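Please read them with the coordinates open.

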Amino acid sequence: MGLVTGADARPRCWWCGADPEYVAYHDREWGRPVRDETRLFEKLCLEGFQAGLSWLLILRKRAAFREAFAGFDPARIATFAPADVARLLADARIVRNRAKIEATIGNARALLALQESGATLTDLVWSHAPQPRPRPSTASEVPATTPESRALSQALHARGFRFVGPTTVYALMQACGVVDDHLAGCHVATRGWHEA
């Protein structure tokens with residue numbers, strides 16, 4: 001698995017296939033640096049919901065997730081009570097998994113505690129950026145975890161975050177541009193690993 005050529009004759013990473021929504025996500029979002037705290041928190045939460053499922057499923061439900069979880073505003077989510085958990089479990093537009101829903105609420109509280117300590121999720125995530133490396137050429141060269149994702153997973157767990165295992169965290173690092181795993185030859189032009 002390597003590059004696929006789309007209907008527009010542009011080579012892309014294998015995983016986005018030909019689905020228009022997936023192609024747009026690949027071309028406009030995946031691997032682009034994200035340093036906004038709320039956007040980064042959303043990506044962390046959605047990667048947690050994705051665990052064991054396909055990213056395309058989560059992507060198709062993203063608008064509903066945003067509505068159900070108050071735009072991923074951590075201050076609002078942190079106030080969610082058992083009635084909100086019940087509401088979310090009844091919302092067929094999102095992934096109705098109690099553990100993941102409760103983890104998202106807990107992660108909002110963990111994020112607020114992190115900020116109250118004078119730190120930010122953005123700084124924590126980006127402090128685990130690896131040294132630049134050559135672009136992968138095939139899917140087999142893209143790791144599932146790295147020493148940096150394992151270290152970030154441990155750091156998040158230590159601060160009370162859940163559903164942040166090393167594989168989920170590596171997917172987060174890819175999604176928000178902390179690592180750039182667009183394959184060599186992919187048309188998406190990324191100018192650097194750590195650009196703002």
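**Notes on the model**

1. The side chains of Glu 102 and Arg 98 form a salt bridge with an N to O distance of 3.4 Å, where a salt bridge is a side-chain nitrogen of Lys or Arg within 4 Å of a carboxyl oxygen of Asp or Glu. The two residues are 4 residues apart in helix 6 (residues 98-116), and are therefore separated by about one helical turn. Glu 102 is partly exposed at 33% relative accessibility, and Arg 98 is also partly exposed, at 47%; buried means under 20% relative accessible area, exposed over 50% and partly exposed in between, with a 1.4 Å probe and protein chains only.

2. This is a predicted model, in which local features need pLDDT of at least 70 and side-chain atom pairs count only at pLDDT 80 or more, while totals for chains, interfaces and linings use all residues. Residues are numbered from 1 along each chain as its sequence is written, and side-chain values use heavy atoms, with hydrogens and water left out.

3. By the salt-bridge rule the count comes to 12. One of them joins Arg 12 and Asp 8 at 2.7 Å, N to O; Arg 12 is buried, with a relative accessible area of 4%, whereas Asp 8 is partly exposed at 39%. Another links Lys 43 and Glu 29 at 3.7 Å, N to O. Lys 43 lies in helix 2 and Glu 29 in the loop between helix 1 and helix 2, so this pair ties together parts that are 14 residues apart in sequence. Lys 43 is itself buried, with a relative accessible area of 7%.

4. The protein chain contains 9 helices and 2 strands, counted as DSSP runs (helices H or I, at least four residues; strands E, at least two) and numbered from the N terminus.

5. Helix 9 (residues 166-175) has 8 of its 10 residues buried, so it is largely enclosed by the rest of the structure. The buried residues include Tyr 170, Leu 172 and Met 173, and what covers the buried residues of helix 9 includes helix 1 (20-28), helix 2 (37-50), helix 7 (121-126) and helix 8 (147-158), contact meaning heavy atoms within 4.5 Å. Helix 9 is followed by Gly 177, whose phi is positive, near 80°.

6. For the chain as a whole, 48% of the 196 residues count as buried. Of the contacts with a separation of 6 or more, 66% are between residues 24 or more positions apart.
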